[in-house]
Amino acid sequence: MARTAKSPRTELLRGTLDLLILQTLTIRPLHGYGIAQHIARLSEDALSVEQGSLYPALERLQARGWVTSKWEPSPTGRRARYYTITRSGEHQLGEEISALDAVVLAINRVLRRA
Amino acid sequence: MSFFDALKFRIRAITRPGEHAREMDEEMDFHLDRDAAQIAHDTAGAEDADDARWAARRRFGNRTLHAEEARAASGLGWLELLGQDLRFALRTFRRAPGFTVVAVLTLALGIGANTAIFSAVNALLLRPLPFPQPRRLMSVSLTVPRRGNFPPRDDVNWSWPKFETLRGMQHVFAQATLWYPEPFTIRHGDQTLRDQGEYTDDGYLTTLGVRPALGRNFTAEEGTRYNAGHVALISDALWQRLYDADRRVLGQTVTVNGLPFTIVGVLPPGFQGLSGQALLWLPAMTSSNPRAEAPGPYDHRFLAIARLADGVSPEQAAAVVATVGARIDAAYPDQNGQGWHWGATAKPLDQARVDPRVRSTLLVLFGAVGLVLLIACANVANLFLARASGRRKEIAVRIALGAGRRRLVEQLLTESVLLGVTGGVVGLGLAWAGTRGLASLQLSSVLQGNGGAVIGTLGSQAIRLDPWALLFTLALGIVTGVVFGLVPALQATRPSLTEDLKDDGGPGSRRFGGLGSRNVLVAAEIALAVVLLAGAGLVLRSLGRRMGVDLGFDAGHTLTFRVNRAPEWAPDSITRFYELAIQRLAELPGVTAAGMTDCPPLVQCAGTLINLMDRPAAAPGTEPLAGVHWITPGWTQVEHIPLLRGRLLDERDRVGTPMSVLVNATAARRWWPGQDPIGKVLGQSRTAGGGLDSAFVVGVVGDVRYQGVDSLPGADVYLSYYQVPFYYRMMLFVRTRGDPLALAGPARATMARWAPGFPVYDVRTMEDRVGQSLAYSRLGALLLGLFAAVALALAAIGTYGVIAYSVAQRTREIGIRVALGASGADVAGMVVRRGLVLGAVGGGIGLVVALAVTRVLGSLLYEVAPRDPLTLAAIVTVLAVVVLAASWIPARRAASVPAVEALKS
């Protein structure tokens, strides 16, 4: 696991973690572990570093009103905190995706011409 | 709704921090358990449960840090963190009460003194004048060029006609007004007050933008036409004092200087006029004013204030005033016929409000008190460093457990800022006392006695602890906390885990590193203290010089006071009144002599140009200048002014006999060098009015420093009051056998019996007056001396602390030295040397800085060079003694270390 400590992917994660969480929650309400699993699976483990850093992000999203949470029983019977995306969270997601698309598009243009 | 979701979340995070944290914990547990189960499942049992749990933890990362970050991310979590830090800090302080008390008191001393001086700076230099749009107010004055012995001035008062000319010839001022301060005798019913008032016109209040709280202003007629109405405005203070704040005061009569005036208005609370102490205002043109009728163009007694018209800058106004000044000079040329051209100038009232010497002194004190605070900070930083090395292990453990460095620094800074602010709050007590002390100073009379200008609009009573001062204190507490806390905090959290974790915390196990910054701090403290000592030393020496000056008269055993004259008395009866009063006073038991003069020492009074009859009249402008003193014949004896030649004035010098005059030694030397002055004739120069002609010199008396210690005696002449009876404001002198103040009651009683209703006022001993004239330099010396003493004490404590600490750290080394044969003296010498090195480095730097900066002391110095070698030598000696003393105690402890014990530890 030492490879995670200084991986350039950490930097990427910081900027886009919020985006990934919101995207994940559009499918269905999930608990923190579920969100982490989902992101790790879809990004083929590239974004699975330091799963714990998910929690500060979740707090931040709640403080902004983009996500709410509720304690509910999980399939194993043990209770877990389930996160739901709010309407303004969805709106925010849309904005961030457009912004990201614009950046990606711009970068691609530069790369193709270079 | 998301706004409310967010709000709900945040409120819950703040109000129920415990629950919030538990939930976070549970959530993370859940995560880890599920992940561990997943890992176990993925590896199909290849890893046992423990290994899986460890793998999950590694994947999760620094749990404490994540939890902390999450808490910080929950919006207002910082508030919770702050609360936590504060609670932690309080617990830490409770565990180390000695440390806390010393630190808080040190800071309280520094911050309190700073707040007090800041209050004075704020009140006298910074705070806007208490009028609407104060920056639009200008002080307008006449200027005169150098005339013979008189230096040029740009603050000359106006005459009524000259100002009328100015008023008519400019459009830069929306309003302009004339005023001058005058003491009044105010009587209402059976109460009589002798207090400050002002003569002015109807434009005074409107220019300043002050409205009467009750009643009305003077009308234009009352303000400007001779004797148009006997009306008065009174201050809120006088209204409370004489009329019990009765609203029916309007229309009532108040007696001023024996004449009735109708009260037409009461001014708002706190307004005391531009003199800062007025209780009553009269139109300048009333008949109670003996000089009201036809104020001449050369009767310069009015001060002028003007309010700028809209859109006019102060510079534009000054330029216009200068132009008009030239026209006024053309209309009313200088009477000396010398071709001296007067002018006029205007400057913002804000700049003219405080005597420049008060300004510079205040700034020097502000700088000095800032240095004291720096030293206090250095001391507390040293305490913190010492304590931080004790807490090193605790902090290392916390870093190892995952505490972020930022959080730790934040928390340590919370501690130091809390200390700083507490110090500030405790210091407020000191600041309160300090401001009270400063406010009670009669700054204006202090400066007057010293031959300086009056503080115009602002008296020292304006000095108080206001919200700005409180804000300043709070800011100072916080800044102080950061200043002395940051270095120790950064140093304490420097990540060098292994070494600190290995540390067993016992003495001798620490490396010497932490001592470096402590040495630097102490050397800096010593340097700052030396700078302050140099300043204080120079000012104290100046005070000594001033006090050692022979003023030329004997101030001891003398009671002085003034008596208000009755306005309706004719000149000859007032002479008779004074003569009998002096006889009665001289007959009082315990009194050896009594006399009076119109121009006593330490009071500003006019001089005149002299014409010496034994030579051709001097060219105008080169006539000698002399101070003129109208005295009763015995006055020079009352004040023990020695008779050097000839005779004193006596009973022979009466109305109708040839005028006799005494000259002082300086006048005799200047006017008749090498000749006998007795029998010479002098008069008042024609250019000065020529009122006095041919007085015969009958004697020569010793020189008196009439203007106070800072100025050398000039030429003075003494004439008998009984030869030219006139209205003068006299000061009566009574020489006593014992305590002069014991005679105050009998003297008052005598005067009251002699002239009931004419108040005796300004009763003080002559020593008090002399002391007052030194009050300005004494105050500067006292405060600077105090600050320097505090600085030295703090530096001594700092030195002691760092030496004692180094001894404690080196106990084992010392033990080895002793075991190897070092004597106690060797060990003590080693320790003392260390102190002396600190003292030499700090003292050397301090001396260099002092040499560079003592020039700012300016007018606080008297006959002492800013680099006076004697003072600097004295400081070096004091410093050496203090540093020796501060290192001697730990040195003795070091010398008595038993080798065995030291090695065992």
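These legends describe close-up views of a predicted model.

**View 1. Chain B meets chain A.**
The contact joins 26 residues of chain B to 24 residues of chain A. Sorted by class, the side of chain B that touches chain A holds ten charged, nine nonpolar and seven polar residues.

**View 2**
Strand E2 (residues 67–73) of chain A and strand E3 (residues 79–85) of chain A run antiparallel. Seven bridges join E2(A) to E3(A). A:Pro73 stands opposite A:Arg79, a residue of E3(A). Five residues lie between E2(A) and E3(A) in this hairpin. In the turn, A:Gly77 has a positive phi of about 100°.

**View 3. Helix H7 of chain B and its buried residues.**
H7(B) covers residues 160–168. Its buried residues are B:Trp160, B:Lys162, B:Phe163, B:Thr165 and B:Leu166. What do the buried residues of H7(B) pack against? Two of the partners are strand E3 (173–188) and strand E10 (303–308) of chain B. The others are helix H11 (314–331) and strand E11 (343–348) of chain B.

**View 4. Two loop residues of chain B with positive phi.**
B:Gln133 is found in the loop between helix H6 (97–126) and strand E1 (137–144) of chain B. Phi of B:Gln133 is near 45°, a positive value in a residue other than glycine. Is B:Gln133 buried or exposed? B:Gln133 counts as exposed, because it has 11 C-beta neighbours inside 10 Å, and the cut-off for exposed is 12 or fewer.
B:Ala245 lies in the loop between helix H10 (236–243) and strand E7 (253–256) of chain B. Its phi is near 55°, again a positive value in a residue other than glycine. B:Ala245 has 12 C-beta neighbours inside 10 Å, so B:Ala245 counts as exposed.

**View 5. Helices H13 and H25 of chain B.**
Two packed helices are described by the angle between their axes and the distance between the axes. Helix H13 (residues 356–390) of chain B packs on helix H25 (residues 775–809) of chain B at an angle of about 15°. The axes of H13(B) and H25(B) are 10 Å apart. The angle makes H13(B) roughly parallel to H25(B), because angles under 35 degrees count as roughly parallel. H13(B) and H25(B) cross in a left-handed sense. Their contact has 19 nonpolar and six polar residues, with no charged residues.

**View 6. Helices H25 and H28 of chain B.**
The axes of H25(B) and helix H28 (residues 869–895) of chain B cross at roughly 25° and come within 9 Å. H25(B) is therefore roughly parallel to H28(B). The crossing of H25(B) and H28(B) is right-handed. Which residues make the contact? From H25(B) come B:Leu792, B:Ala796, B:Thr799, B:Tyr800, B:Ile803, B:Ala804 and B:Val807. H28(B) contributes B:Val882, B:Val883, B:Ala886, B:Ser887, B:Ile889, B:Pro890, B:Arg893 and B:Ala894. By class, the contact of H25(B) with H28(B) has twelve nonpolar, two polar and one charged residues.

Notes:
Residues numbered from 1 in each chain as written. Chains lettered and ligands numbered in written order. Predicted model: local features only at pLDDT ≥ 70, side-chain atom pairs only at ≥ 80, totals over all residues. Contact = placed C-beta atoms within 7 Å. Nonpolar A, V, L, I, M, F, W, Y, C, P; charged D, E, K, R; others polar. Axes fitted to C-alpha atoms, helices over the stretch in contact; angles between N-to-C directions. Helix = DSSP H or I, 4+ residues; strand = E, 2+ residues; numbered from the N terminus. Parallel < 35°, antiparallel > 145°, perpendicular 65-115°, else oblique. Left-handed = near helix turned anticlockwise from the far one by under 90°. Pairing = 2+ DSSP bridges. Buried ≥ 20, exposed ≤ 12 C-beta atoms within 10 Å, placed from the backbone.
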